[in-house]
Amino acid sequence: MIYYDLEELFMKSVRKIVNEDKEKYSNIKVIEKELMKMYLEWVTKSNEELDGFTPLEYAKIVEKSGNLYDYVEYMLSTGRDVSDIITDRVVAREDAVEFIKKLLKSNEPEVLKYAFTILFEIGGDELTDVCIQLIADGETNADKISACYEFLAYDNEDAVEKILNVMYNVSEEAQFIFTDILSNYKDNENIFMWLTTMLYRGENLAELAEMFGRYGDKKAINIINSYVLDKDLNYSEFIELRNAVERLGGEFCYAKDFSEDEYYKLIVERNKEKENDNT
């Protein structure tokens with residue numbers, strides 16, 4: 001089956017209309033104003049390059065032939081846009097989410113962008129479940145993690161209990177990502193427990209300090225102070241944890257000589273260079 005670029009065919013149609021009446025379409029604003037009208041006429045008009053089928057009919061043929069997934073993947077992998085006509089067929093499918101899951105196996109940025117765009121359009125519990133499952137399965141692709149984070153971390157209360165229900169069954173790496181997501185929600189003792197658990201694991205302390213500050217529970221002040229007193233921290237970790245305590249409105253009860261810390265030395269050196277530049 002030949003995979004036609006419907007977006008290109010539409011623009012070809014627009015160019016033809018503009019060239020046939022250059023006087024009318026000499027102003028780009030006129031073209032923009034009538035573009036939707038051109039599109040609505042084009043999708044229902046027989047197209048010679050589509051063997052006489054209309055674009056809408058062609059989209060149905062692609063789907064009924066069982067080639068819809070291959071068509072979408074081909075368009076994206078060759079740097080083309082997937083027409084809204086095709087996307088509408090994807091979204092309307094009963095197995096739309098399963099269809100998109102196949103696309104999510106890719107690591108190509110454009111394929112992932114398209115897949116998440118469609119998932120966000122579908123929305124609801126299905127999208128929440130897909131994002132949680134991706135992280136739970138140990139996904140490492142930064143684009144996928146970022147997209148899932150954005151959907152799960154904000155205004156998605158349904159995600160909280162679903163995440164908490166899987167926390168004991170996932171890797172420590174996934175637990176950390178989930179804890180980061182959960183830190184955006186307030187007043188949940190289970191979330192606070194996971195934040196405390198992450199703290200005593202002693203990894204990624206700078207990020208964890210941000211999580212505590214974001215969560216905003218003042219109980220963390222004493223916990224962080226107690227933790228700091230018992231640990232040998234580097235200067236960067238020390239500063240981040242101190243900032244977290246101060247962000248929570250507490251007093252940081254800790255002092256340490258960092259004169260031999262490499263990161264501290266680098267900061268001091270940079271400050272000296274700035275002072276010299278200003279003199």
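I began at glutamate 262, which is exposed, with a relative accessible area of 58% (exposed means over 50% relative accessible area, buried under 20%, and partly exposed in between, with a 1.4 Å probe and protein chains only). I noted that this is a predicted model, in which local features need pLDDT of at least 70, side-chain atom pairs count only at pLDDT 80 or more, and totals for chains, interfaces and linings use all residues. I also wrote down that residues are numbered from 1 along each chain as its sequence is written, and that side-chain values use heavy atoms, with hydrogens and water left out.

**Entry on helix H16**

I looked up the partner of glutamate 262 and found a salt bridge with lysine 265, the closest N and O atoms being 3.6 Å apart (a salt bridge is a side-chain nitrogen of Lys or Arg within 4 Å of a carboxyl oxygen of Asp or Glu). Both residues lie in helix H16, residues 262–278, and they stand three residues apart, about one turn of the helix (helices are DSSP runs of H or I with at least four residues, strands are runs of E with at least two, and both are numbered from the N terminus). Lysine 265 is partly exposed, at 34% relative accessible area. I then recorded a network in which salt bridges that share partners join Glu63, Arg89, Arg93 and Asp95.

**Entry on other salt bridges**

I noted that the salt-bridge rule gives a count of 15. One pair I checked is glutamate 8 with arginine 15, whose closest N and O atoms are 2.8 Å apart. Glutamate 8 is partly exposed, with a relative accessible area of 38%, and arginine 15 is also partly exposed, at 40%.

I then turned to lysine 162 and aspartate 125, whose side chains meet in a salt bridge at 3.9 Å, N to O. This pair links distant parts of the chain, with lysine 162 in helix H10 (residues 157–166) and aspartate 125 in helix H8 (residues 124–136), 37 residues apart. Lysine 162 is partly exposed at 26% relative accessible area, and aspartate 125 is partly exposed at 43%.

**Entry on leucine 6**

Is leucine 6 buried or exposed? I found that leucine 6 counts as buried, at 1% relative accessibility, and that this residue belongs to helix H1, residues 6–20. Leaving out residues up to four places away in sequence, leucine 6 touches Trp42, Leu50, Tyr58, Tyr71, Ser83, Ile85 and Ile86 (contact means heavy atoms within 4.5 Å). I also looked up alanine 174, which is 168 residues from leucine 6 along the chain, and the C-alpha atoms of the two are separated by 40 Å.
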